[in-house]
Amino acid sequence: MKSLAFAAGLAMLAATSAHAASHLPDLEGRTIAVVTENAYPPLQFIDPASGDAIGWEYDAMAEIAERLNIEVEYQNISWDAMIAAVAEGQYDMGMTGITIREDRAEVVDFSDPYMRSEMVMLVRGDEDRFDDAAGFAADDDLLVAAQPGTTPFYVAIYDVLDGDEANPRVVKFETFGAGVQALRTGDVDLVLTDGVAADGYVEASDGGLKVVGEKLGSEDFGFIFPKGSELTAPINAAIADMRDDGTLDALNRKWFLDYKMGQ
């Protein structure tokens, strides 16, 4: 009787699991090419201890792949080439903490938002010359790092400084991590970033970095696809499923509260 009850319980669990997944599309093992930069912790980056590519977005994609029955092949590209490459159909999907914006939506399709973040001011731990955007703007000797074409670049130009995209106080870097390194070494004085990335850097810095001032606005992150991609709807369904069952919250806890960068 116990064996029968155990077998019945397994059958019921299997049926429940099958039913839970049945409302999501089955993409029948299709392989999709996903491109990323691996330079935006804790969303995606190279673990200095293992050399592996890890992060919130990798875990999220693993969940999506399992729920939709897809295989993911990852490739890398620089940020400044990513949106154009996806728009041209070189890749099926892009992920690297990409802010959903109307101008970008003219050339690529976005998924529904998987995360909302707020822009903050990241500075060295001993910074005492300014503590808000106005204080930074008032001192012509202070410099801000930014990747051209990113949301932090435009916030630095239009919300912190004078609206001149050629302003020499904005020092351009190819990667976000290079800008943070320049901040650490004193080559620049400010990095603007979303709050989730700032949390990771501050926690890993052992007092070397901190956040100052008020939040400078919010932004929604989404995955990107070539225009008209048939992947957008299934990915959106998986994101909604992960939001409803608490998976997105669990990933946030893992990467923004529990994970110690550099370990």
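**Strands, helices and single residues**

Student: Which residue in β3 is the bridge partner of tyrosine 40?
Tutor: Helices (H or I, at least four residues) and strands (E, at least two) are DSSP runs, numbered from the N terminus; two strands pair if DSSP finds at least two bridges between them. Strand β2 is joined to strand β3 (residues 44-46) by 2 bridges, and the two run antiparallel. Within β3, tyrosine 40 has as its bridge partner glutamine 44.

Student: What kind of model is this?
Tutor: Residues are numbered from 1 along each chain as its sequence is written, and side-chain values use heavy atoms, with hydrogens and water left out. Local features need pLDDT of at least 70, side-chain atom pairs count only at pLDDT 80 or more, and totals for chains, interfaces and linings use all residues; this is a predicted model.

Student: Which are the edge strands of the open sheet?
Tutor: The open sheet has 3 strands in the order β2-β3-β4, with antiparallel pairing. An edge strand here pairs on one side only, and this holds for β2 (39-40) and β4 (53-54).

Student: How many residues of strand β8 are buried?
Tutor: Buried means under 20% relative accessible area, exposed over 50%, and partly exposed in between (1.4 Å probe, protein chains only). By that criterion strand β8 (residues 115-124) is mostly covered, the count of its 10 residues that are buried being 8.

Student: Which residue of β12 stands opposite arginine 124?
Tutor: Strand β8 pairs with β13 in the antiparallel sense over 4 bridges, with aspartate 220 of β13 as the bridge partner of arginine 116. Strand β11 (residues 190-194) is also joined to β8 by 4 bridges and runs antiparallel; there leucine 122 stands opposite valine 191. The pairing of β8 with β12 is again antiparallel over 4 bridges. In β12, the residue opposite arginine 124 is leucine 209.

Student: Is threonine 193 buried or exposed, and what is its relative accessible area?
Tutor: Threonine 193 lies in strand β11. Contact means heavy atoms within 4.5 Å; leaving aside neighbours within four places in sequence, threonine 193 is in contact with Tyr40, Glu118, Met119, Val120, Leu122, Pro152, Phe176 and Ala198. Threonine 193 counts as buried because its relative accessible area is 0%.

Student: What arc do the buried residues of α7 cover?
Tutor: In helix α7 (residues 176-185), the residues Phe176, Gly179, Val180, Ala182 and Leu183 are buried. The arc is that of the directions from the helix axis to the C-beta atoms. These residues lie on the same side of α7 because the arc they cover around the axis is only 155°.

Student: Which residue just after α7 takes a positive phi?
Tutor: The buried residues of α7 are covered by elements including β2, β8, β9, β11, α8 (195-204) and β12. Just after the helix, a positive phi of about 90° is taken by glycine 186.

Student: Within what arc do the buried residues of α3 fall?
Tutor: Trp79, Met82, Ile83, Ala85 and Val86 are buried in helix α3 (residues 79-87). They line one face of the helix because, seen down the axis of α3, they fall within an arc of 165°.

Student: At what angle do helices α2 and α9 pack?
Tutor: Axes are lines fitted to C-alpha atoms, for helices over the stretch in contact, and angles run from 0 to 180 degrees between N-to-C directions. The axes of α2 (residues 56-68) and α9 (residues 232-244) are 10 Å apart, and the angle is about 110°.

Student: Where is glutamine 147 placed?
Tutor: Glutamine 147 has a relative accessible area of 10%, so it is buried. Not counting residues up to four places away in sequence, glutamine 147 touches Glu37, Trp79, Phe153, Phe173, Glu174, Thr175 and Phe176. Its place is the loop between β9 (144-146) and α6 (151-160).

Student: What distance separates the C-alpha atoms of glycine 217 and glutamate 118?
Tutor: Glycine 217 is in the loop between β12 (209-212) and β13 (218-221), and counts as partly exposed because its relative accessibility is 37%. Residues up to four places away in sequence aside, glycine 217 touches Ser117, Glu118 and Met119. Although glycine 217 and glutamate 118 are 99 residues apart along the chain, their C-alpha atoms are separated by 5.5 Å.
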